[in-house]
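Hi,

Here is the model I promised to pass on.

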Amino acid sequence: MRAFVVSELKHHSEIPVSSNVPEPKAGRGQVLVDVYSAGLNFFDILQTQGKYQIKPPLPFVLGTEFAGRISKGSPIPEGCPFKPGDRVFGAGQGTYADKVAVDLERLLPLPDSITYDQGAGLYITWPTSYEALVGRAELKPGEWVLVTAAAGGVGIAAVQLAKVLGAKVIAAAGSDAKIDIAKRHGGADHGVNYSKPGWQKDVLKLTNGKGVDVIYDPVGLINDSLKCIAWKGRALVIGFAAGTIEKVPMNLVLLKNISLVGLHWGAYSKFERDRVPVVWKELLALFSSGKVKPVTYTQVFPLEKLSDGLAAIERRETWGKAIVRVRDETNAKL
């Protein structure tokens, strides 16, 4: 089969897609899935170079998020709710390939209203944004939310979810074009460009001097954003896409009476397993209702051009979720 195999640690641009890779074998509690589409992530760029915290033994197939169908002939573990041909999405190591072996507990049914391309970017992005806003910030209708990197994968999901929850949303991004995307595809009410000095004054003006109740930050802009947070505001620490882990002056936390709130969705399966199915039940209901919709980048990359997609992420050209299409849905057969 075809697969993006990392045989030695180096930049993704130096790794070609292989065409004669042995198909994976399903282990205990796993099923085989025909991959139709896979989501591109910034951490893929780090993983090929050995710079990511998850370091599979060499050689390994790159890729984590995906959507596809249970393979014909796949073993079906006891208690498995799926059968060959069922549409699914989820996560597992090695999804930039024609087939992947996936733990049953990391698979979910793909709603009929969601395409494979859309489904390929659901597993990490959407529960991260949902649990951050609902479980950690306890967002209330009518509150103001500032979302940084609002045109990115988690950002545009956070914008949509905050709107569904009844919040007033300010999309923050580094260009006017990306602000427009957050408004057009995410439904943000307002936008601010944080590449312009003093952008926090625009936020304060929009909120009539109050500031925002919730900051959703996957970038590493907490310190800058605290200049426009409201009394008793909650600052959600989602990630550090800009590359710097911030040190927050704790006197600001005290004086503004605010909360710094972390969200590590990947650890819920270890520390709060019961919460995971609750979040997914609520998210799948939202997808089925059409109240929220996954947003994918306009250019979809074929598997052979996977490195081009990762390069576009490196150059910060993409918005929404960038996708690799492994199979064409209209031509693929079970």
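Which residue just after H10 takes a positive phi? That would be Gly290, with a phi of about 80°.

Before the rest, some ground rules. This is a predicted model, where local features need pLDDT of at least 70 and side-chain atom pairs count only at pLDDT 80 or more, while totals for chains, interfaces and linings use all residues. Residues are numbered from 1 along each chain as its sequence is written, and side-chain values use heavy atoms, with hydrogens and water left out. Helices (H or I, at least four residues) and strands (E, at least two) are DSSP runs, numbered from the N terminus.

**Helix H10**

H10 has 15 residues and reaches 22 Å from its first C-alpha to its last. That is close to the expected 21 Å (1.5 Å times one less than the number of residues). Buried here means under 20% relative accessible area and exposed over 50%, with partly exposed in between (1.4 Å probe, protein chains only). The buried residues of H10 are Arg275, Val279, Trp280, Leu283, Leu284, Leu286 and Phe287. They sit on the same side of H10 because they cover an arc of only 155° around the axis (taken from the directions from the helix axis to the C-beta atoms). On the face turned away from that buried side you'll find the exposed Lys281 and Ser288. The buried residues pack against E5, strand E7 (107-109), H3, H4 and helix H9 (268-271).

**The cores**

A nonpolar core is a set of buried Ala, Val, Leu, Ile, Met, Phe, Trp, Tyr and Cys residues joined through side-chain atoms within 4.5 Å. The largest has 46 residues, and Phe89, Leu133 and Leu236 have the most contacts inside it. Elements giving it two or more residues include strand E5 (87-91), helix H3 (125-136) and H10. H10 gives the most, with six residues. A second, separate core of 36 residues includes Leu40, Leu62, Phe82 and Leu107.

**Asp213**

This one is worth a click. Asp213 lies in strand E11 (residues 212-217) and counts as buried because its relative accessibility is 6%. Its side chain has a polar atom 2.8 Å from the backbone nitrogen of Trp144, and a polar contact of 3.0 Å joins it to the side chain of Lys210. (A polar contact is a pair of N or O atoms within 3.5 Å; within protein, one must be able to donate a hydrogen and the other to accept it, and residues adjacent in sequence count only if both atoms are side-chain atoms.)

Cheers

Notes. Contact means heavy atoms within 4.5 Å.
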